[in-house]
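My entries follow in the order I made them.

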Amino acid sequence: MEFLSAALFGLLLASILPLLFFFAFRDGINNAAAAPAVDSKSTNSAVQIPLCSETSDDPDVIVVGAGVAGAALAFTLAKDGRRVHVIERDLTEPDRIVGELLQPGGYLKLIELGLEDSLKGIDAQQVFGYALYKDGNHTRLAYPLEKFDSNVSGRSFHNGRFIQRLREKAAALSNVRLEQGTVTSVVEEDGIVKGVQYKTKNGKELTAYAPLTIVCDGGFSNLRRKLCKPQIDIPSCFVGLVLENCKLPLENHGHVVLADPSPILLYPISSTEVRCLVDIPGQKVPSVANGEMAQYLKTVVAPQLPPELYAAFIAAIEKGNIKSTTNRSMPAIPHPTPGALLLGDAFNMRHPLTGGGMTVALADIVLLRDLLRPLSNLKDADALCNYLESFYTLRKPVASTINTLAGALYRVFCASPDPARKEMREACFDYLSLGGVFSSGPVALLSGLNPRPLSLFCHFFAVAIYGVGRLLIPFPSPKRIWIGVRLITGAAGIIFPIIKAEGVRQMFFPATVPAYYRTPPMQ
């Protein structure tokens, strides 16, 4: 009863926090909205050449990269009748340990794009929510899917299989040219991107032209510095293993273990395999070659897993197929450039803890498709650039909600010796365990089914105030009051920097941004 009272008290106070938030940030709104300028002369990724090579046979759009974002975008634009040239560095099946969990909101976007059958034939598994573990206790967090058809859920799979299916769908269209090659630079004249230079798989250097070039070459993009000012943070690394022939404690659910020092994720990627991702804070992981990694996984990680998975986890370590990757986050800070656009992880990244990357990318593709549909041609680069500035504002409520939640949850879920951080972590687990709106609300945000920044803000501070309420009930003490104060200030210290990086005005008040109202150019 005390927990419920504290939760209701937290929600009541959190409901007035948006007003305080507005006045606190009112004076900084314009500064937060302004994107820093990029000096195009400071990068060598652009090549100045004459335009005499352009022909009427040139495509309408060049897409750099054929991962999830690039392949889905190529299919989408081609279905609308545009000629698309896709240039991908490596067309063999990727072997990655992330990009394997598609949230229900992302699946709905896949349906909007007509690509839901890309999940057929790859042994993709339905996901209906999460099981959250902490200190031997666990709670189930179900996706709020009651209002949707029975086929709507999350999906988990081998990333490479999914990408190959998307590529096949795109390449099957007659107006898509899918080519293997490495793009080395964009071709620019008078500040307008006219195309790209690339090397074919045979080493031949070629130039491709199009009115619009969309860069989707992933988190390690070598072209993004021309089109934005990246601010990349690497908070941690993932170490990935595949557990074979074992069942998760809760079938068709992702599992999150609030371990020490940071979370462990598990989810099915086929009918016989479970992906395990061990988060290691920082940019350095134990060495696989000298056995340090195996020792770390056996002695530190394995004892914190659900007992049902211990044997399969040890067997996966003994098998030795251990991979790692850096976890990157990067707020979207665009530099609108005539003739070019960034999309996917090349443009915007968040911590993969919540599996939101593909949902953001697919939502961006739906939005971009709808913005481009009224245009019969894309040749007026300046007018098109001015019009597409609306893209950066219109995408913000969805993208910034998922981005902010990923960054904030990661910070909350990491272990800390700080008593206030410990209380915040405990309060988050207990708040979600209450059920009802206390779990369905946050899970709707995480799943992309209700990506509303204000709802995120209210739930985050409701958790913090719920934690304070637990400290003060039934009898407060000076020590508990002090921990409560530090809990609130710590929560603010987690979420406000993320919101500031995302852009306060675009995130919470997009309708006040002039670009929000841009209309298609006259043709």
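**Entry 1: α12 with α13.** I looked up this pair in the predicted model. Helices α12 and α13 pack with their axes 8 Å apart, at an angle of about 115°. Angles of 65 to 115 count as roughly perpendicular, so α12 is roughly perpendicular to α13. From α12 I listed L409, R411, V412 and F413, and from α13 R421, M424, R425 and C428, as the residues that make the contact. Sorted by class, the contact of α12 with α13 has 5 nonpolar residues, 3 charged and no polar ones.

**Entry 2: α13 with α16.** I then followed α13 (residues 419-433) to helix α16 (residues 478-502), where the packing angle is about 75° and the axes are 8 Å apart. That makes α13 roughly perpendicular to α16. On the α13 side I noted P419, A420, E423 and M424, which meet I483, R486, L487 and A491 of α16. The contact of α13 with α16 divides into 6 nonpolar and 2 charged residues, with no polar ones. I marked M424 in my list, as M424 is named in the contact with α12 and in the contact with α16.

**Entry 3: α10 with α12.** I went back to α12 (residues 396-413) and checked it against α10 (residues 357-372): the two axes come within 10 Å and cross at roughly 175°. That makes α10 roughly antiparallel to α12. I found T359, V360 and A363 of α10 meeting V398, A399, I402 and N403 of α12. The contact of α10 with α12 has 5 nonpolar residues, 2 polar and no charged ones.

**Entry 4: the nonpolar patch.** Which residues make the nonpolar surface patch? I have L472, I473, I481, W482 and V485, for a patch of about 440 Å². The largest share of the nonpolar patch, 3 residues, comes from α16. I placed I473 in the loop between α15 (453-472) and α16.

**Entry 5: cis peptide bonds.** While at I473, I checked the bond to P474: this peptide bond is cis, with omega about 5°. P474 is found in the loop between α15 and α16. I also noted a cis peptide bond from D260 to P261, where omega is near 20°. P261 lies in the loop between β14 (254-257) and β15 (264-268).

**Entry 6: a positive phi.** Where does D123 lie? I found D123 in the loop between α5 (104-112) and β5 (125-127). D123 is not a glycine, yet its phi is positive, about 60°.

**Entry 7: salt bridges.** How many salt bridges does the structure hold? I recorded 24 salt bridges. One of them is formed by D60 with R83, and the closest N and O atoms of the pair are 3.6 Å apart. D60 lies in the loop between β1 (46-48) and β2 (61-64), and R83 in the loop between α4 (68-79) and β3 (84-88), so the pair ties together parts that are 23 residues apart in sequence.

How values were computed:
Residues numbered from 1 in each chain as written. Predicted model: local features only at pLDDT ≥ 70, side-chain atom pairs only at ≥ 80, totals over all residues. Heavy atoms only, no water. Axes fitted to C-alpha atoms, helices over the stretch in contact; angles between N-to-C directions. Helix = DSSP H or I, 4+ residues; strand = E, 2+ residues; numbered from the N terminus. Parallel < 35°, antiparallel > 145°, perpendicular 65-115°, else oblique. Contact = heavy atoms within 4.5 Å. Nonpolar A, V, L, I, M, F, W, Y, C, P; charged D, E, K, R; others polar. Patch = residues over 30% accessible without salt bridge, like charges linked within 9 Å, V, L, I, M, F, W, Y side chains within 5 Å. Areas by Shrake-Rupley, 256 points an atom, 1.4 Å probe, with all protein chains shown as cover. Salt bridge = Lys/Arg side-chain N within 4 Å of Asp/Glu carboxyl O.
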